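Dear colleague,

I am passing on the structure below, and I would be glad if you kept it open while reading the notes that come after it.

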Amino acid sequence: MTRGAIGAGEAAASLGATGSAAGGAVHRFDLARTVPMPWKNGGGHTRELACWPPGAGLDAFEWRVSVACVAAPGPFSAFDGIDRHIMVLDGEGMRLTAPAAGLDRAIAQAWQPFAFAGEWAPDCALLGGAVTDFNLMLRRSRWRGALQVVHAAQHPGTAPAGLAMVLAGRWWLGGESLAPGQGLYWTAQSDMGPLHPDAAPPGDRSPAEAGSGTCALAWVALEPVSEPKGLHAAGSTEKIAIDLIA
């Protein structure tokens, strides 16, 4: 089920592609202006929104947020020690299967986060055409958190780290407006004030926004951990309960 694609035409002129404040602890981004990185297998591409530590590779990051376009079916890469959270942004969805872990899940509903262990490396089958999805990856020995879709005001900077990306409507942080695909992430606690929704005038809404009549935000709040915690014990294949995160 498609909620509506996020494209360059929806970018707000008042917010640049990137920026920072509070000594570099707060960073802004624009998905439409983020360069996609093609996959080696040709099955899609990824646009990285945030990574900690900055510049860390796939074997060294502690947390990472990205948006991917999955254009062809195939297996997900294995990520030992990583908890993964994924949700469909655009397209008909996908089915993830990992028989050894007891996983067989169709993810067809947009904006419905789903969590699984990176060790499972499920096979991905597309339910229709290409799918755009939002990805949160956490090294479970270092960070814990969740991906949520929220509709009310939030307070970025209250958690030690996190990210917010507009999914629908227009949101405001101080005097700056954020349109779909735009957002910010932070790597230290700071008082930024509320990030709150403000429905755009009917003429400024995309068809998907006009139909839903709602503002929506992808919201990630993260906290460091002092001992290994997560969805799945590293190196184990036992099945765990996986629930949609409302």
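Predicted model: local features only at pLDDT ≥ 70, side-chain atom pairs only at ≥ 80, totals over all residues.

Residues are numbered from 1 along each chain as its sequence is written, and side-chain values use heavy atoms, with hydrogens and water left out.

The structure holds 0 disulfides (pairs of cysteine sulfur atoms within 2.5 Å). C124 is buried, at a relative accessible area of 1%, and C215 is buried as well, at 9%; buried means under 20% relative accessible area with a 1.4 Å probe, protein chains only.

Strand β17, residues 182-186, is largely enclosed by the rest of the structure, because 5 of its 5 residues are buried (strands are DSSP runs of E, at least two residues, numbered from the N terminus). Q182, L184 and W186 lie on one side of β17, with G183 and Y185 on the other. In the antiparallel sense, β17 pairs with β2 (residues 26-30) over 5 bridges and with β14 (residues 161-168) over 4 bridges, where pairing requires at least two DSSP bridges. F29 has G183 as its bridge partner, and G162 stands opposite W186.

Kind regards

Conventions: Buried < 20%, exposed > 50% of the residue type's maximum accessible area, 1.4 Å probe, protein only.
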